[in-house]
Structure formats: C-alpha cells, structure tokens
Amino acid sequence: MLSAVAHGNGPNGLTVVQAALVALGRLDQEHAMVYFQVIWNGLREPMRWALEALVMERQIEGEATLPPFVQKLIDRGKLEGLREGELKGMREGKLEGKLEGKRDTLLRLLARAGIVLSESERARVQACTDMATLDRWIDNVLGATTAIEVLS
C-alpha cells in the first residue's frame, strides 16, 4: 500500500497500483476497501483515469480478475452513477418543462396580441433554451405590434 501511495503517480505507477490491488485482495474486504481508498486518494487525476480505464477494459474483455472488494466498489460506483444520472435527468426534465411552459406562454401572448410569427421566428422561439431570453420576450409582447419588437 505504501508503495502505491509513494510511487502510484510515477512512470510505473499503474503497475505498482495493480500489484497493490492484488495484495489487497488477500485482506478482508473491510480493510481492503479502506486501504484502497487511501491509495485512490493519493493518486492524481491522470492515474485515476488510467486505473478506471484498466478496470473497465478488463470487465469488458471478461478478464475481471479483480479482488472482490474492487468489484464491490465498482458496483457501488455504478449504483451511484445511476442515481446521479436519474437526478440529472430529473433536473433537466424540470428545466425543460419550465422552458416549454415559457415558450407556450410566449406563443399564446403573441397570438392574443395578433402578432404573427414567420416560420423562422417560430423556430427561433421553439429552439430557445435561455430562460432570461424567454422572459424578456414575454415582457416585450406588452405594447409590441410586430414580431421584431418582441424578439429583439
């Protein structure tokens, strides 16, 4: 473990870390996970990426001869990744819902004001993903008589 912390970021770092993982595989899972975390924390970003790539490559090739504690960490990471993905999707969905509501409001206000949009102007409104811009356009409808006045 100390070698991995001391030399893990060096020119042969990946080899040193791999050897440490093999050695950690001989320990009980609880201690192995703690020691692995110590090693992981000592690695700089490029070496972390290299280690992740190696682990993923071995899993894809079916050569995953990793100690059980590493597999448990990978599985936990996958679960956390799924949770993050779900949360991100919910946030993005909520934002997209707000944007769609503002676009609909703008189009309804334009129709009530008797302002007709060209195809390109309607496409511009539908493509807008900036909340502040949509708010500004909604405000511009008041007192406007043309689409140019609204979308400026």
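Read along the sequence, the chain runs α-α-α-α-α-α-α-α, with 8 helices and 0 strands. Helices here are DSSP runs of H or I with at least four residues, strands are E runs of at least two, and numbering starts at the N terminus. This is a predicted model, where local features need pLDDT of at least 70, side-chain atom pairs count only at pLDDT 80 or more, and totals for chains, interfaces and linings use all residues. Residues are numbered from 1 along each chain as its sequence is written, and side-chain values use heavy atoms, with hydrogens and water left out.

**Whole chain**
- Of the 152 residues, 28% count as buried (under 20% relative accessible area; exposed is over 50%, partly exposed in between, with a 1.4 Å probe and protein chains only).
- Take the contacts (heavy atoms within 4.5 Å) with a separation of 6 or more: residues 24 or more positions apart account for 58% of them.
- The chain exposes about 10100 Å², and carbon and sulfur atoms supply 57% of that (Shrake-Rupley method, 1.4 Å probe; for residues, only the protein chains shown count as cover).

**Nonpolar cores**
- The largest nonpolar core has 16 residues, and Leu106, Leu110, Leu117, Val125, Trp137 and Val150 touch the most other members (a core is a set of buried Ala, Val, Leu, Ile, Met, Phe, Trp, Tyr and Cys residues joined through side-chain atoms within 4.5 Å).
- Helix 5 (68-112), helix 7 (131-141) and helix 8 (147-150) each supply at least two residues of this core.
- Leaving out residues up to four places away in sequence, Leu106 touches Val125, Leu134, Trp137, Ile138, Val141 and Val150.
- Apart from this core lies another, of 12 residues, including Ala4, Val17, Ala20 and Ile39.

**Arg103**
- Arg103 sits in helix 5 and, at 2% relative accessibility, counts as buried.
- Its side chain makes a polar contact with the side chain of Glu100 at 2.8 Å (N or O atoms within 3.5 Å; within protein, one must be able to donate a hydrogen and the other to accept it, and residues adjacent in sequence count only if both atoms are side-chain atoms).
- The Arg103 side chain also reaches the backbone oxygen of Gln126 at 3.2 Å.
- Beyond four places in sequence, Arg103 touches Glu96, Val125, Gln126, Cys128, Thr129 and Leu134.

**Helix 2**
- Gly13, Val17, Ala20, Leu21 and Leu24 are buried in helix 2.
- Seen down the axis, the buried residues of helix 2 fall within an arc of 105°, so they line one face (the arc is that of the directions from the helix axis to the C-beta atoms).
- Thr15 and Val22, on the other side of helix 2, are exposed.
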